[in-house]
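Hi everyone, thanks for making time this morning. I'd like to walk you through one structure, so let me put it up on the screen.

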Amino acid sequence: MTAQNIPNFVSHLECSWTGERAEAGVPQQLSPAGKPYLVRYDLEGAAAALTKETVAARGGGMWAWRELLPVSRAENVVSLGEAATPLIDLPRFGSAHGARAPVVKDEGRLPTGSFKARGLGMAVSMAKELGIGRIAMPTNGNAGAALAAYGSAAGMETYVFCPADTPEVNVREIALQGAKVWRVNGLINDCGKIVGEGRKRMGWFDMSTLKEPYRIEGKKTMGLELLWQLGWQVPDAIFYPTGGGTGLIGMWKAFDELERIGWIGSERPRMIAVQASGCAPIVRAYERGERTAEPWQDAHTEAAGIRVPAAVGDFLILDAVRDSGGFAMAVDDAEIMAVRDRIAKEDGLLLCPEGAATAAAWARALDEGKVGKQDRAVLFNCATGLKYPMPPAPQALDKAAVDWEAIAEA
Ligand SMILES: *Cc1c(COP(=O)(O)O)cnc(C)c1O
């Protein structure tokens, strides 16, 4: 992006609940209805400006899609090198279940080790474009790390609040990457209240999930990139570890926009929202046939990225799941960890617990006949497995008396 201006096709913002329009180009948080805004584009204009060949020539990565993204000046793009993430087959895991190998989209390769880089890279770039200098958010870990990194790259003041039990590695990476970070004796919604109050007291812009319009646009690039990688063929099913649901909502929006610019037809993958059974508000609402989700009490799971008791975009997640013919499914932590260990050992891919949750859900859905053995299933691994606790590996050798028998038997 050497040019100063990026062709920009944003037309307006639209309340996702009431359809009410709002102006783009000025800082916006939730709509007057208290719901997320969606960014709307002049898609005819975008279709005329962008071709599949152009995208391919750019070689992938989040900014290859700039005609379908909100940033209008190249100088406002805050980038740390967001490469296209690979698709990796799990042949042994697949054959153990007598099925076609599921494919993992490994988002752990992104800056700060998670797909939060897509959403927050975009949100911070837009904050820069709109002249915002002080940003804040509550986080379970990965979002705060991405906000800290992109906030520092943009030269912004960044404030982050984490639940007290957030893993040490996350709190430290947030601090090291330049944010002011606090542990709070509560859950993510308690941290969110502090940020809400700081908007008035401290002049912060609230970067919480879906409380500004642009994080979805960054996450949307997962859907664009996935279909590009699959030769514009939609997979049968996408298993997505669902917390705030930004990625599921963003991909659903991507498919809609791709249809409107004529790159795909009306076919869609089934969208499957995966949660942990210790925090499954979306699954409960799905099963009850409700459009919004009641907050989950006493949320607990080792898969911290999906420990979200209440999501402001609950209806957007549930609508996408239902409209796609998908479903919502909860898996236990024990299942999640067993699947993580197994895939690491047998297929050589270290998933984060949230990613392993999607693999556990795929295996269960297959057993229950909810997906077919020949279906093309995509599992989202949203962070590097290296940030999470791993089982101990206690074997040691004495260099003066190497125990070859022990080695042979290991
Ligand atoms: C944030 C996060 C999620 C949930 O993502 P949403 O799009 O907000 O639902 C899942 N896994 C990991 C590792 C995360 O960091």
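I'll talk about the ligand and its surroundings, and then about one valine.

A quick reminder before we start: what you see is a predicted model.

So, what surrounds the ligand? The shell holds 18 residues, and the closest are Lys-116, Asn-142, Tyr-240, Gly-243 and Gly-245. Sorted by class, that shell has 8 polar, 7 nonpolar and 3 charged residues. Two elements each supply at least two residues to the shell: strand E10, spanning 237–241, and helix H9, spanning 246–260.

In Tyr-240, an N or O atom of the side chain is 2.5 Å from an oxygen atom of the ligand. Gly-245 uses its backbone instead, with a polar atom there 2.6 Å from a ligand oxygen. Gly-244 also has a backbone N or O atom by the ligand, 3.2 Å from one of the ligand's oxygen atoms. As for cover, the ligand taken alone exposes 380 Å², and the protein buries 96% of that.

Let's move on to Val-195, which you'll find in helix H7, residues 188–202. Is Val-195 buried or exposed? Its relative accessibility is 0%, so Val-195 counts as buried. Leaving aside residues up to four places away in sequence, Val-195 touches Ala-136, Met-137, Pro-138, Phe-161, Trp-204, Asp-206 and Ser-208. And here's a pair to pick out on your screens: Val-195 and Val-160 are 35 residues apart along the chain, with 8.5 Å between their C-alpha atoms.

How values were computed: Residues numbered from 1 in each chain as written. Predicted model: local features only at pLDDT ≥ 70, side-chain atom pairs only at ≥ 80, totals over all residues. Heavy atoms only, no water. Near = heavy atom within 4 Å. Polar contact = N/O pair within 3.5 Å; in protein donor to acceptor, adjacent residues only side chain to side chain. Areas by Shrake-Rupley, 256 points an atom, 1.4 Å probe, with all protein chains shown as cover. Helix = DSSP H or I, 4+ residues; strand = E, 2+ residues; numbered from the N terminus. Nonpolar A, V, L, I, M, F, W, Y, C, P; charged D, E, K, R; others polar. Buried < 20%, exposed > 50% of the residue type's maximum accessible area, 1.4 Å probe, protein only. Contact = heavy atoms within 4.5 Å.
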